[in-house]
Amino acid sequence: MPPEARSTSPHVNHRSQDSTTVPALELIGLSKSFSGKTVLSGVSLHVAPGEVHVLLGQNGSGKSTLIKILSGFHTPDPGGEVLIGGEPLTPGSSTASHRVGCRFVHQDLGLIEQETVLDNLAIGRGYATRFGTIRPSVTLDRAKSMLARVGLEIDPLQNLSHLSDAQRTGVAVARALDSEGGEVPALLVLDEPTATLPADEVQHLLSMLRTTAAAGVGIVYVTHHLDEVFQIADRVSVLRDGHLVRTVPIAEIDRAGLVHLLLGAELENAPSVDQVLTAADPTPQAPRLVVRDLVSSALHGVSFAANAGDVVGIHGLTGSGRESILASVFGAIPRDSGEVLLDGRPIVADNPRKAIRDGLCYLPNDRSVRGAMMDLSARENFTLPSLKQYWGGLRLKRSQEISDGDDWFARLDVRPRDGLDRPLASFSGGNQQKILLAKWLRLEPRVLLLDEPTQGVDIGAKIEIHKQILAAAEAGAAVVVSTTDEDELVAICSQVLVIRDGRPVAVLRGEQISPARLNRALHEPAAAHRGGLDSS
Amino acid sequence: MKRTFNLGLDRFSGLYLGAAFVIIFGVWSPGTFLTMDTVHVIASQQAVAGIVALAVLIPMVAGQFDLSVGFTANLCGLIAVLLQNDYGIPVPLAIVLAVVTGAMIGALNGLIVVKLGVNSFIATLGMGSVILAVQAIVTKSETPLPVSSQFFGKLTQQPVLGFQIVIVYLMVLAVLVWWILSFTPAGRYMYATGSNSLAARLSGVQTDKWTWLSLISSASLAGFAGVLYVSLTGPSLSFNQTLLLPSFAAVFLGSTQLKPGRFNVWGTLIAIFVLAIGVQGLQLVSGIQWVQDMFNGVALIVAVSLSLKRKRGLGKSKRAASGAELPDEVLQEPGTAPVP
């Protein structure tokens with residue numbers, strides 16, 4: 001992106017921060033560790049008023065911890081300092097964070113879909129009232145000026161549902177910027193605002209952000225999309241493993257340099273994804289699972305196959321469509337078109353019971369929402385899909401349930417070992433996940449679909465779960481794992497499908513699967529990224 | 001799981017409370033309260049209420065409210081009477097037709113809840129009013145005469161060991177419902193549906209079917225209870241009101257008993273009798289009529305708040321168990337995990 005495009009934002013002289021400009025954000029030696037594990041170590045950076053500062057880093061680099069410190073969710077380790085507009089931030093308090101002028105727009109915008117833009121804006125500060133009665137004209141004027149500040153020209157009386165995704169994000173930004181005295185807050189933090197945005201709307205959002213910055217707000221912009229960095233950033237900071245690798249003005253770095261900072265030295269020798277795509281494709285004979293042209297709201301034609309004995313990975317950023325692939329293969333959510341074949345026989349959508357009978361098992365990513373009956377016992381969760389086999393004519397054979405349960409508890413090392421009749425909620429996350437995995441493994445599925453199988457589990461449980469996944473594949477199941485965890489893909493997958501914008505954009509096999517290459521596939525140049533690479 | 005012996009003050013609090021009632025009212029008014037008459041009266045009166053409570057319990061297990069049980073019972077009871085009085089239909093057939101009417105009401109509730117997606121609270125609240133209207137139509141708002149057949153009365157009033165036989169029906173039905181809920185796949189599926197219907201569906205449970213069936217069983221049981229009521233005390237146009245509240249109070253209070261956190265049959269029955277002992281005792285010592293309404297209303301609110309408190313406690317441990325801040329090892333230590 002040529003520098004002229006950014007000329008709308010006021011040029012800030014970052015090199016000579018002095019007494020004349022108080023930085024919107026200043027971090028000095030900020031560290032944070034959780035039970036002995038350091039996730040942020042000595043981070044120092046500053047953001048000037050009117051500057052758009054992009055924060056880059058892979059999963060686990062410490063980005064989100066940093067943001068949670070700013071929002072008052074985490075308390076940083078003693079010794080570090082956070083200054084917002086020159087004022088020290090009282091750690092661990094979200095009200096204090098708000099008071100000194102930190103504002104946040106998260107991926108989940110927190111807007112109310114059925115209400116008007118006006119009402120959504122008024123939720124923050126409240127309506128203009130006189131004697132407790134809403135004054136419509138004053139409230140309307142105020143909403144208009146709030147929208148104008150972010151350069152959004154829409155009718156505040158419109159229903160939110162009529163807006164595009166970018167416009168909604170704009171409304172959330174406008175609301176975040178609103179403050180009692182009418183002056184703009186010092187700092188606006190946007191956490192992956194474009195993750196779920198269609199490509200053509202990203203530009204609109206970026207231009208709104210430029211307008212916002214021009215009003216003197218310091219913006220911290222977190223993203224995974226490198227092409228956006230060059231369009232919006234004044235400066236960019238890269239975090240890796242909790243350390244601030246470097247902060248550079250955007251004019252002084254190119255994409256390759258940025259990827260280098262992001263991944264470290266290991267990427268240097270990785271082949272580009274294009275090479276990988278054209279690599280020899282050993283045609284499998286009669287794959288166990290065939291998914292053909294799957295289309296749904298988030299997917300625009302996904303095809304892949306998995307052989308018995310294979311562990312196939314699906315990788316993609318949040319918002320890429322990756323999250324919904326397995327659910328729609330299983331039929332937990334509707335498909336618009338496309339077909340799923342298990343050993344040549346079609347799996348119909350929207351009938352989990354039949355899919356399970358056909359040998360297809362699905363472990364959802366969200367345990368408490370879709371995965372488990374938390375207040376029922378581990379045993380009841382464990383035997384639910386195949387209760388009939390325990391039916392003894394007059395009653396369920398509890399002793400057999402218990403002996404099977406104990407058997408699997410031992411196999412997966414579930415703790416506490418005697419907890420079979422405790423509510424699932426009383427187990428730790430890792431043990432809950434093991435129990436839910438055991439529930440499916442016991443059925444000896446022909447296809448095992450696992451959505452983020454080790455999300456939020458401790459490292460010991462993760463290793464055990466990986467062991468079990470590989471054992472299931474060895475026993476003849478075709479396993480498909482959808483995950484954002486690169487280590488997981490490297491550890492267990494023989495083939496990885498990379499998803500972007502609802503389409504597969506790369507397939508990596510065997511030796512090609514490394515964190516560096518996986519990342520490279522996620523961070524391809526804009527043309528392939530937003531333009532839509534049609535091959536699969 | 002091995003359990004060390006303890007007094008079980010939480011799981012058996014209902015029994016302790018019942019015993020306390022007996023002692024207090026026994027001391028207070030030994031002549032009137034501590035008699036077999038009181039025992040028989042409570043047993044007979046609560047037999048019908050107990051069956052209605054079972055009717056409330058089944059859909060609650062599957063996560064659905066059935067607020068129409070009282071109205072269903074009333075209508076079905078009157079239908080059984082009218083069929084005999086006006087059409088000369090024999091007692092057994094009249095009872096079967098009344099229960100079938102109940103089942104049809106349940107099927108309709110199920111249709112509204114499952115197919116139209118209306119929240120069961122609203123669906124059955126509305127249905128209750130519809131049933132009341134239907135009752136006015138079929139009875140022309142006149143209380144029917146008592147059934148002439150002695151057999152119909154004997155059906156519930158036949159003495160057994162000093163008790164009226166109606167209490168035996170309650171026990172038989174309670175054992176049946178207990179068996180279904182605790183020992184059959186059907187019960188498991190209903191508990192799973194009630195706990196998390198989304199997860200249950202993804203585990204292959206036909207959640208729609210079980211929701212529907214739970215509402216049909218509920219209304220059928222309620223219909224049968226209504227028939228027993230008119231057999232026991234004679235036709236009435238308005239006994240629906242006396243049934244609904246105590247049943248809900250008993251079901252919620254029961255969920256804090258025996259198997260805390262879970263709607264269950266015996267907890268429900270303990271609760272219904274403890275409540276009845278309390279009401280009966282208070283009425284005997286005070287002679288005040290509004291005691292029952294006050295007592296049941298307060299009991300319902302207390303019962304729900306108790307069961308919510310438990311649920312919240314469970315939720316807390318759930319958050320802790322999956323929380324990123326809490327290291328998993330802490331919760332993994334055998335013995336440190338929260339005990340149910």
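1. Basis. The model is predicted; local features need pLDDT of at least 70, side-chain atom pairs count only at pLDDT 80 or more, and totals for chains, interfaces and linings use all residues. Residues are numbered from 1 along each chain as its sequence is written, while chains are lettered from A and ligands numbered from 1 in the order in which they are written.

2. Confidence in the complex and in chain B. The predictor assigns an ipTM of 0.83 and a pTM of 0.75 to the complex. Within chain B, helix H5 (residues 91–115) scores highest, at a mean of 97, and helix H15 (residues 328–332) lowest, at 32. Across residues 315–340 of chain B the pLDDT falls below 50, yet this stretch has 45 contacts in the model beyond near neighbours in sequence. A contact requires C-beta atoms, placed from the backbone, within 7 Å. Where pLDDT is low, the predicted coordinates should not be read in detail.

3. Layout of chain A. There are two domains: domain 1 spans 48–268, and domain 2 takes 273–278 + 287–527. The bounds come from an automatic or database domain assignment. Their C-alpha centres are 34 Å apart. Chain A holds 19 helices and 22 strands. These are DSSP runs numbered from the N terminus: helices are H or I, at least four residues; strands are E, at least two.

4. Burial and contacts in chain A. Of the 536 residues, 49% are buried. Buried means 20 or more other C-beta atoms within 10 Å of the residue's own; exposed means 12 or fewer, and partly exposed lies in between, with C-beta atoms placed from the backbone. Among contacts with a separation of 6 or more, 69% join residues 24 or more positions apart.

5. A:Val202. This residue sits in helix H6 (residues 199–214) of chain A. A:Val202 counts as buried because it has 22 C-beta neighbours inside 10 Å. Leaving aside residues up to four places away in sequence, A:Val202 touches A:Thr194, A:Leu197 and A:Glu228.

6. A sheet in chain A. Four strands make an open, antiparallel sheet, ordered S14-S13-S16-S17. Pairing needs at least two DSSP bridges between strands. Strands S14 (299–306) and S17 (345–346) are the edges, each pairing on one side only. S16 (residues 337–342) joins S17 through two bridges; A:Leu342 has A:Arg345 as its bridge partner in S17.

Notes. Contact = placed C-beta atoms within 7 Å. pLDDT = per-residue confidence, 0-100.
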